[in-house]
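Dear colleague,

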Amino acid sequence: MVEDDAGPVGDARGAGEATAGSKPSDAASPADALRTLDPAYFGFVMSTGIVSVAFRGLGVEAVALPLAVFTVACYVLLVTLFGVKTARFPGRVLADLRDSDRHWGTLTFVVATNTVGTALVLFFDLVAPAALLWLTAVVVTPVLLYYLFAIEVVGPRESAVRERVDGAFLLVIVCMQSLAVLGALLTDSLSAYVDEVVLLSMGYWGSGFVLYFVVVTVVTYRLLDGAVRPSDWTGPYWITMGAAAITTLAGATLGPRLSGFPAWEAYVEITLGITFLAWAIASWWIPLLLAVDVWSLLAADGDGRAPAWVTAMPWARLALGPRDGVYSSGAWGRVFPMGMYTACTVNLAGVHTFSPLGIVPAYWGWFALFVWGLTFVGMVRAAGRAVAGE
């Protein structure tokens, strides 16, 4: 959330997910904490929002509704904070956009905006504000995506590709598919513009699915090219699964609705077929991600001897302080895919052909909520240390 003199603690790509013994932040005041506020913190809104949506699908309103309210409140707070940061420190905002270690994190704003819009529709039936958020994301998304890719192509290259790319690169896909999810939900209410909404949503869904294979190839190469140290493995690598999961959610939301539009009716079956393929890809990633996650958390001490409590529950490190903990803003890159896999599987199981899949989120959802809770505790503790200047 804040930076030390050497650079960001928890950069937008998650590389700041520190090992034990990391240097604590030296932010001296709330103003310093605001100046160095990581744009990737919208990942917290993304994660909380999708967990609330997932538990709504599971029928657990006691969890879903409070988290939905919390999501909206935190989104308003973060937008306000970044508005103040832009007004007070415009140079720093521009520097974040130019910094390849942080600028991919700005895509979390788009995903968070669409996630909040989804919550407004599903929980509160507030279509007009949700439509406004969707239109905002529709305008911001191409500007931001083309800017970020242009910077990577023609900007200064101070490091090799394998050092610049990690799982956060897949936020490009998540960003596009989040537009498709909210757009699909809005087709039920925006009858006057439904053709345009469906066209945009299908365009983002289809191009996002194809682009996934391009981006995930680059990210996989990053993992296979050379030795991977525990400190190299960060939360955003979970987006290799999360990008496929949100593709599933978008397809499961769009597919059944296409039957109501004669021009798109022929695409229902192929949409659902691709959607199941995306779910299978997301499912394939999970055992590998869990195994590497456990390895990196157990080895975070650097001496190969993890405490017994870490061996029993490796993700407990997310909730701890700087001595034993590994929390950073990038840690939310782990939680969002977990919640998204729950939500997408619930929605896919709602399509009759795939109803047997309903058993999966009934268990996985609680694990996602547990990791969300640990990460939230870690964030609160990190924010307290930042404001206190510890």
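Predicted model: local features only at pLDDT ≥ 70, side-chain atom pairs only at ≥ 80, totals over all residues.

Residues are numbered from 1 along each chain as its sequence is written, and side-chain values use heavy atoms, with hydrogens and water left out.

Cavities

A search of the whole structure finds two cavities of 30 Å³ or more, a cavity being a set of points on a 1 Å grid over the protein atoms alone where a 1.4 Å probe fits but cannot get out. The largest cavity holds about 110 Å³ of space, the volume being the space filled by probe spheres set on the points, which are joined across faces, edges and corners. It is lined by 14 residues, of which Thr108, Leu171, Ile239, Trp332 and Gly333 are the closest to its centre; a lining residue has an atom within 4 Å of a point. At least two lining residues come from each of α2 (42–57) and α13 (332–349), and α13 gives the largest share, three residues. Helices here are DSSP runs (H or I, at least four residues), numbered from the N terminus. By class, the lining has nine nonpolar, five polar and no charged residues, where Ala, Val, Leu, Ile, Met, Phe, Trp, Tyr, Cys and Pro count as nonpolar, Asp, Glu, Lys and Arg as charged, and the others, Gly among them, as polar.

Helix packing

Helix α6 (residues 127–154) packs against helix α8 (residues 171–186) at an angle of about 155°, with the axes 10 Å apart; axes are lines fitted to C-alpha atoms over the stretch in contact, and angles run from 0 to 180 degrees between N-to-C directions. That angle makes α6 roughly antiparallel to α8, since angles over 145 degrees count as roughly antiparallel, under 35 as roughly parallel, 65 to 115 as roughly perpendicular and the rest as oblique. The contact (heavy atoms within 4.5 Å) includes Trp134 and Phe149 of α6 and Met176 and Leu186 of α8, and its residues divide into 14 nonpolar, two polar and no charged.

The axes of helix α10 (residues 239–258) and α13 come within 8 Å and cross at roughly 30°, which makes α10 roughly parallel to α13. Among the contact residues are Ile239 of α10 and Gly333 of α13, both of which are also among the residues closest to the centre of the largest cavity.

With best wishes

Notes:
1 Å grid on protein atoms, 1.4 Å probe; cavity = no way out; pocket = protein on both sides within 12 Å on 5 of 7 lines; lining within 4 Å.
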